Amino acid sequence: MSIITYLKEVSTFKKILGPMFICLGLFSIAMLSILFGVIFSVIGLNLLSTEGSQINLHNNTYRNIKSIFGYKFGKWQPCPGFEYVSVFKTKENQTIRVITAEATFQSDIILLNLFYKGNKHITFYKTSDKVNAFETAEKFKSVFNIDILDATENEKRWL
């Protein structure tokens, strides 16, 4: 695996609303107004799009990406001089709102951030599997010759 991709998850609510707006847009283009059709279609596509990043371990380049329907867009850039990779556990919140009700769901996730120039970082990987997270961190370590900071427990430690 020479390209590692991280994409933010699209919520279920957006996955439902997005196609509805696209269908409404196509209907509007066919029956009502091209302007309204384009507006509804763009809103639907925006709801279905997500952001993230990719890193090519083979040629040491990365890009911030925008993804829709599996197509990824972004300009490849040379990787900055990464100093270390941080593996840390955090909680991810997903809020679902309906007219008068709201529910927030939390799940534990593990993120991998590559730090450079002091405190700047790029999130390159997200998983719920701790073993998988450290396997990926080891790849970053070997490719970029950097250390791993284990921040999954209360006490941080260098590996």
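Leaving aside neighbours within four places in sequence, which residues is V10 in contact with? In this predicted model, the list for V10 reads K15, L47, L48, S49 and T50.

- V10 sits in the loop that joins β1 (3–7) to α1.
- At 14% relative accessibility, V10 counts as buried.
- If you want a sense of scale, V10 and E135 are 125 residues apart in sequence, and their C-alpha atoms are 25 Å apart in space.

**Helix α1 and its two faces**

- Helix α1 covers residues 12–31, and its 20 residues should span 28 Å at 1.5 Å a residue; the end C-alpha atoms are 29 Å apart, which agrees.
- Which residues of α1 are buried? They are G18, I22, G25 and S28.
- Look down the axis of α1 and these buried residues fall within an arc of 125°, so they line one face of the helix.
- The general rule behind that pattern is simple: an α-helix has 3.6 residues a turn, so residues three or four places apart point the same way.
- What do the buried residues of α1 pack against? Their partner is α2 (34–48).

**The largest nonpolar core**

- This core has 22 residues, and the ones touching the most other members are I55, F82, L112, L114, F140 and F144.
- Two or more residues each come from β6 (82–98), β7 (101–116), β8 (120–127) and α3 (130–144).
- Which element gives the most to this core? That would be α3, with five residues.
- L114 has quite a contact list once neighbours within four places in sequence are set aside: I55, F82, Y84, V85, K120, H121, I122, F124, F140, F144 and I146.

**T136 in α3**

- T136 belongs to helix α3.
- Is T136 buried or exposed? It is buried, with a relative accessible area of 3%.
- Not counting residues up to four places away in sequence, T136 touches I4, L112 and Y125.

**Aromatic pairs and a cluster**

- The structure holds nine aromatic pairs.
- In one of them, the rings of F21 and F40 have centres 6.1 Å apart and planes at 40°, so the pair is tilted.
- That pair links distant parts of the chain, with F21 in helix α1 and F40 in helix α2, 19 residues apart.
- F21 counts as partly exposed at 23% relative accessibility, and F40 counts as partly exposed at 23%.
- Y84 and W158 make an edge-to-face pair, 5.1 Å centre to centre with 80° between the planes.
- Y84 lies in strand β6 and W158 in strand β10 (residues 157–158), so this pair ties together parts that are 74 residues apart in sequence.
- Y84 is buried, with a relative accessible area of 17%, whereas W158 is exposed, with 52%.
- Which residues form one aromatic cluster? The members are Y62, F82, Y116, F124, F140 and F144.

**Two asparagines with positive phi**

- N60 has phi near 55°, a positive value in a residue other than glycine.
- Where does N60 lie? Look in the loop between β2 (50–56) and β3 (61–68).
- N60 is partly exposed, with a relative accessible area of 33%.
- N145 also has a positive phi near 55°, and N145 is not a glycine either.
- The loop holding N145 runs between α3 and β9 (147–151).
- At 71% relative accessibility, N145 counts as exposed.

Technical notes
Residues are numbered from 1 along each chain as its sequence is written. This is a predicted model: local features need pLDDT of at least 70, side-chain atom pairs count only at pLDDT 80 or more; totals for chains, interfaces and linings use all residues. Side-chain values use heavy atoms; hydrogens and water are left out. Helices (H or I, at least four residues) and strands (E, at least two) are DSSP runs, numbered from the N terminus. The expected span of a helix is 1.5 Å times one less than its number of residues. Buried means under 20% relative accessible area, exposed over 50%, partly exposed in between (1.4 Å probe, protein chains only). The arc is that of the directions from the helix axis to the C-beta atoms. Contact means heavy atoms within 4.5 Å. A nonpolar core is a set of buried Ala, Val, Leu, Ile, Met, Phe, Trp, Tyr and Cys residues joined through side-chain atoms within 4.5 Å. Rings of Phe, Tyr and Trp (its six-membered ring) pair if their centres lie within 6.5 Å; planes under 30 degrees apart count as stacked, over 60 as edge-to-face and the rest as tilted.
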